[in-house]
Amino acid sequence: VSDFSVSVITGGAGGMGVACARRLASRGPVLLGDLSAESLDGVAAELRDEGVDVHVAVCDVTDEASVDAFAEKARTLGPLGALVSTAGIGPPLAQDPRLVLDINLAGTARILDAFLPLAGERTVVVCIASLAAHRGFTIDFEGLLTDPLDPALYDKLSEAGGTRDDVLATYSLSKRGVILTVRRRAAEWGARGARIVSVSPGLIADTTMGEAAVTIHAGAYVQQSAVGRAGTAADIAGVVAFLTSEDAAYVTGCDLLVDGGVVSYMLAEADAVAREQWMAASYAPAPAS
Ligand SMILES: NC(=O)c1ccc[n+]([C@@H]2O[C@H](COP(=O)([O-])OP(=O)(O)OC[C@H]3O[C@@H](n4cnc5c(N)ncnc54)[C@H](O)[C@@H]3O)[C@@H](O)[C@H]2O)c1
């Protein structure tokens with residue numbers, strides 16, 4: 001992409017955030033937002049050494065004022081190009097299912113609300129969802145996931161039996177909500193000439209979250225993968241670079257699964273018990289080999 005534009009990344013000090021920053025750096029300045037100034041400064045020093053025009057700002061996606069200030073900072077840097085929403089937490093590191101829902105789903109919605117006024121012809125939003133959003137049980141709660149910013153959303157999902165006060169189940173619902181949000185908001189971004197998509201990574205083992213997730217299901221996910229390996233943050237960054245390029249000009253309002261074939265294993269190959277366990281967000285056992 002030759003057009004100068006600003007790339008904005010939430011969760012920008014995280015594994016996928018940094019990989020996306022590297023991939024998008026040739027387009028213009030990169031603005032990274034994350035929780036800790038210290039980790040942002042560390043990442044920025046590394047990227048600056050590589051020649052990236054990097055800017056950082058503390059941005060907590062659970063805090064509307066913080067998100068608004070982040071969008072204001074982005075506005076000063078130039079026209080909005082890629083907006084990549086990677087801020088997220090999940091099992092096993094995350095302990096509080098309410099916070100999982102607030103960061104992963106409501107946080108994405110806050111970012112979209114704050115950045116919509118900045119959207120123009122060069123803007124493409126990529127919201128990071130998860131293969132967990134493809135667990136079948138999440139479909140039963142789609143009706144409740146239509147209002148990500150409803151303060152009572154967790155309680156409503158919980159009463160309906162969706163969250164089970166479990167971090168993995170709530171994580172899966174939060175990410176299904178991200179996919180639905182992208183679908184429902186495609187028209188409003190399209191009206192500004194912008195596109196919006198979600199990406200559902202499988203196990204991405206070289207990030208903080210992925211290194212922790214490996215302790216739950218790495219063996220299974222690597223065996224179940226059609227390509228025989230876990231994913232990397234660079235795998236996701238490559239897909240983000242494509243989706244935010246002109247080559248993807250007709251792609252909007254949809255989700256792209258980037259999981260090395262694990263969901264296709266679940267749908268096409270797993271035995272009924274393993275498939276049911278996975279679809280219901282119970283920890284699925286590794287397949288017999
Ligand atoms: N790694 C995997 O296996 C995997 C798989 C599927 C989906 N994902 C999703 O990918 C995204 C990126 O994760 P990652 O693997 O790079 O993990 P990571 O932990 O390296 O990065 C996540 C970043 O989000 C930041 N963050 C957390 N809460 C925040 C908040 N309230 N406001 C702003 N930033 C916040 C963290 O500080 C961290 O830097 C997440 O949304 C995650 O759910 C990861």
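Modeller: Start at Thr-138. Leaving aside neighbours within four places in sequence, Thr-138 is in contact with Ala-132, Ala-133, Ser-172, Leu-173 and Arg-176. Bear in mind that this is a predicted model.

Colleague: Where does Thr-138 lie?

Modeller: In the loop between strand 5 and helix 5.

Colleague: Buried or exposed?

Modeller: Thr-138 counts as buried because its relative accessible area is 0%.

Colleague: And which side chain does the side chain of Thr-138 make a polar contact with?

Modeller: That of Arg-176, at 2.8 Å. There is a backbone partner too. A polar atom of the Thr-138 side chain lies 3.3 Å from the backbone oxygen of Ala-133.

Colleague: Let's move to helix 6. How many residues does it have?

Modeller: Helix 6 has 24 residues, numbered 167-190. From first C-alpha to last, helix 6 reaches 34 Å, close to the 34 Å expected at 1.5 Å a residue.

Colleague: Where does helix 6 bend?

Modeller: At Arg-184, by about 40°.

Colleague: How many of the residues of helix 6 are buried?

Modeller: 19 of the 24, so helix 6 is mostly covered, with buried meaning under 20% relative accessible area.

Colleague: Which strands does helix 6 lie across?

Modeller: Strand 4, strand 5, strand 6 and strand 7. Helix 6 runs at about 165° to strand 6.

Colleague: What happens at the start of helix 6?

Modeller: Look at Asp-166. One of its side-chain oxygens reaches to within 3.2 Å of the backbone nitrogen of Leu-168.

Colleague: Is Asp-165 buried or exposed?

Modeller: Asp-165 counts as exposed because its relative accessibility is 56%. Arg-164 is at 43%, so it counts as partly exposed.

Colleague: What about the peptide bond from Pro-91 to Pro-92?

Modeller: That one is cis, with omega near 5°. Pro-92 is in the loop between strand 4 and helix 4 (97-115). Most peptide bonds are trans.

Colleague: Now the sheet. How many strands form it?

Modeller: 7 strands, in the order 3-2-1-4-5-6-7. The sheet is open and the pairing is parallel. Strand 3 (54-58) and strand 7 (255-258) are the edge strands, each pairing on one side only. The twist averages 20° from one strand to the next.

Colleague: What packs on the sheet?

Modeller: Helix 1 (residues 15-24) does, touching strand 1, strand 2, strand 4, strand 5 and strand 6. Its direction makes about 175° with that of strand 1.

Colleague: Tell me about strand 1. How many of its residues are buried?

Modeller: 5 of 5. Both faces are covered. Val-6, Val-8 and Thr-10 are buried on one side, and Ser-7 and Ile-9 are buried on the other.

Colleague: Which strands do bridges join to strand 1?

Modeller: Strand 4, through 4 bridges, running parallel. Strand 2 is joined to strand 1 by 4 bridges, and these run parallel as well. For landmarks, the bridge partner of Val-8 in strand 4 is Leu-83. Ser-7 stands opposite Val-30 in strand 2.

Colleague: And over at strand 7?

Modeller: Strand 6 (residues 195-201) and strand 7 pair in the parallel sense over 4 bridges. There, Pro-201 has Val-258 of strand 7 as its bridge partner.

Colleague: Last stop, Leu-80. Buried or exposed?

Modeller: Leu-80 counts as buried because its relative accessibility is 5%. Leu-80 lies in strand 4.

Colleague: What does Leu-80 touch?

Modeller: Not counting residues up to four places away in sequence, Leu-80 touches Ser-5, Val-6, Val-8, Phe-115, Leu-118, Arg-122 and Thr-123.

Colleague: How far apart in space are Leu-80 and Arg-110?

Modeller: 17 Å, C-alpha to C-alpha. In sequence, Leu-80 and Arg-110 are 30 residues apart.

How values were computed. Residues are numbered from 1 along each chain as its sequence is written. This is a predicted model: local features need pLDDT of at least 70, side-chain atom pairs count only at pLDDT 80 or more; totals for chains, interfaces and linings use all residues. Side-chain values use heavy atoms; hydrogens and water are left out. Two strands pair if DSSP finds at least two bridges between them. Helices (H or I, at least four residues) and strands (E, at least two) are DSSP runs, numbered from the N terminus. Axes are lines fitted to C-alpha atoms, for helices over the stretch in contact, and angles run from 0 to 180 degrees between N-to-C directions. Contact means heavy atoms within 4.5 Å. The expected span of a helix is 1.5 Å times one less than its number of residues. The bend at a residue is the angle between axes fitted to the seven residues ending there and the seven starting there. Buried means under 20% relative accessible area, exposed over 50%, partly exposed in between (1.4 Å probe, protein chains only). A polar contact is a pair of N or O atoms within 3.5 Å; within protein, one must be able to donate a hydrogen and the other to accept it, and residues adjacent in sequence count only if both atoms are side-chain atoms.
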